[in-house]
Amino acid sequence: MDKLLEIKDLQVTFKTYAATVQAVRGVNLTVNKRETLAIVGESGSGKSVTSKAIMGLIPNPPGKITGGEILFEGTDLTKLSERKMQKYRGNEISMIFQDPMTSLNPTMTIGKQIAEGLRKHQGLSKSEARKRAVQLLDLVGIPNPQVRVKQYPHEFSGGMRQRVVIAIALACNPKLLIADEPTTALDVTIQAQILDLMKDLQAKMDTAIILITHDLGVVANMAHRVAVMYGGKIVETGTVDEIFYRPKHPYTWGLLSSMPKLHTRQSELLAIPGTPPDLANPPKGCPFAARCPHAMKVCTEFMPDYSDVSDTQQVACWLQDERAPKVEPPETIGVGGRTR
Amino acid sequence: MTTQKNERQKYVEVNNLKKHFKVGRNAYLRAVDDVSFYIYKGETFGLVGESGCGKSTTGRTIIRLYDATAGEVLIDGVNVHAKKSRAELKDLNKKVQMIFQDPYASLNPRMTVKDIIAEGIDVHNIAKSKKERDERVYHLLETVGLNREHANRYPHEFSGGQRQRIGIARALAVDPEFIICDEPISALDVSIQAQVVNLLEKLQKERGLTYLFIAHDLSMVKHISDRVGVMYLGKMTEVAESDELYDNPLHPYTQALLSAIPVPDPDYERTRERIILEGDVPSPVNPPSGCRFRTRCPFATEVCAQVTPRWTEQRKDHWVACHLYDDEYKGNFNR
């Protein structure tokens, strides 16, 4: 498979008054052309920071990329000047944000906002850009595009605004689209529309997508591969089937268990006790050790290395070590109501 | 509504409740428009629907945070919206408590956790002495899984999940019988959501509480609720026991809503057929005539625009408002 993006040992820190927060602590990721990679994790696990680092949007100060490389088709984005980065941002790589209410400029017409990137990156004239904007609105399923293109964001509903945001993101045919919680602010029936649209457009435009979300249902629906983040690290990666049907990390087990199942009745949800670690003072060993029911002495002392479960699945857990006791995943991870 | 002979006691009865907000000259936003349902004692009634469907307004109107435009609400036989003396109102407020969605906005940042939780104790003069007040607060903190050392801290020192526990402790402080949970877990992470839901279920078992659980996360609502009501644009569209509703949804809106939920099962997601609704929810200021859902309904015909569907019991304890199931109008559809 063709690698589009490769992240090697990425580290991002934020300076605060109290301490330096190590938000991302050595992340390795690859994204192949035309695939959807989902990054899942709780708030504060570093998934949004990772995506902002790719876009070169870490505010400095207080944030800083302190180590690692982000290779986009072989070019290290972390080394680029702001000027050079602008050639990538919005052109080769673009982003959809969570809240469609705040990611549009309320004082500009929709058409102008779509045309902005087209004129800058592709050097289109005003009228060409306008024409293309109408086509894009049509593409993302907005009825009456000729009229809508002249309207302002407040004249659109939430779902329609998210469609506009998608139109802006896709305007320059990016190779990589980063979608940070694209449907979290939307209602379920609208969410279904937007997910459908994204899949449809991906097939048409051959875009790779990094999907950041905490909703495992959305992941199952959209992703080809999944990376599970916890405490600034990736604890497990694999294909979507591997993560849902053959997960190896106790945190992934916990995530799958704490979701209520739609098709079966359970007496109690299996909650993960405790709270995520404080990354201003990160634990020495595995970040999940403090909440892990299978934690051993070694877990609190040393971070485990990644071990290959298959060609596509890697997991960072001491349970994979041959000296560790055999632990079976809990029954409760049985997904979607069917037992495995 | 029929008066069934049922051993179970109806704790809350909502009859033809309406709440309209004035939004301009002769313009009214009909947030809740003629809604009727009941909640049995000791059960959890889930109320679901998309944003703007009136579920939160229903919850707030039930406990008189809003005055009802029309209709009545009976809680334990007491008419909530009738004229009340101060003492009567206080009595009602002691029985009914609320847990709010946003654990960041619903706690006063300038009060200590102890004072936040004890506010109800003070208002209702439950504690005889300062010592008793403290003891009650400590006990409540332990009940919700925090500890007594937390009592003198301020809300900003807690995480979202812990704050929601403080909100629950505050609601429990006056020994209520009925708690309205308005999206209590929407702002929390998945692993923390499960903690809070388990806590709510444990408390219900121990104290025999009755819950009205308002949420838009249908899978969580199914998990926690005994019966579920689905609202759309100010109207109740369907009410049934939660398993029945999820196994045999009758109303086209309920069917679409259930089919829209992404399930965490890749195989199932690859093969399932989705009903994807067209368009957006219309404005509640100027709702469609007849059935409110007809503008997005795949089965809608002329009769849906002309006649408002009746609220009928299709199966035992399974109520729906849709012409598809009404003997008088069934013939208009070719299904």
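In the predicted model, helix H6 of chain B covers residues 190–207.

Several residues of H6(B) are buried, namely Val190(B), Ser191(B), Ile192(B), Gln193(B), Ala194(B), Gln195(B), Val196(B), Val197(B) and Leu200(B). The elements that cover these buried residues include, from chain B, helix H5 (160–172), strand S7 (178–182) and helix H7 (218–224). Chain A also takes part in this cover, through its helix H10 (250–258).

The contact between the two chains involves 37 residues from chain A and 33 residues from chain B. On the chain B side, at least two residues each are supplied by H6, H7, helix H8 (242–247), helix H9 (252–260) and helix H10 (266–271). H6(B) gives the most to this side, with six residues. Sorted by class, the side of chain B that touches chain A has 16 nonpolar, nine polar and eight charged residues.

Within chain A, the domain assignment gives domain 1 (3–223) and domain 2 (229–337). The C-alpha centres of domain 1 and domain 2 of chain A lie 28 Å apart. Between these domains of chain A, 23 residues of domain 1 are in contact with 16 residues of domain 2. Strand S2 (20–32) and helix H8 (216–222) of chain A each supply at least two residues of the domain 1 side. The largest share of that side, ten residues, comes from S2(A). By class, the residues on the domain 1 side divide into twelve nonpolar, eight polar and three charged.

In soluble globular proteins, nonpolar side chains tend to be buried together. The largest nonpolar core in the model has 188 residues, and Ala167(A), Val219(A) and Val228(A) touch the most other members. Helix H6 of chain A (residues 158–170) provides the largest share of this core, eight residues. Both domain 1 (3–223) and domain 2 (229–337) of chain A contribute at least three residues each to the core.

The surroundings of Val228(A) can be listed residue by residue. When its neighbours within four places in sequence are left aside, Val228(A) is in contact with Val40(A), Gly41(A), Ile234(A), Val235(A), Glu236(A), Ile243(A), His249(A), Tyr251(A) and Thr252(A).

How values were computed. Residues numbered from 1 in each chain as written. Chains lettered and ligands numbered in written order. Predicted model: local features only at pLDDT ≥ 70, side-chain atom pairs only at ≥ 80, totals over all residues. Helix = DSSP H or I, 4+ residues; strand = E, 2+ residues; numbered from the N terminus. Expected span 1.5 Å × (residues − 1). Buried ≥ 20, exposed ≤ 12 C-beta atoms within 10 Å, placed from the backbone. Contact = placed C-beta atoms within 7 Å. Nonpolar A, V, L, I, M, F, W, Y, C, P; charged D, E, K, R; others polar. Core = buried A, V, L, I, M, F, W, Y, C linked by C-beta atoms within 7 Å. Domains from an automatic or database assignment.
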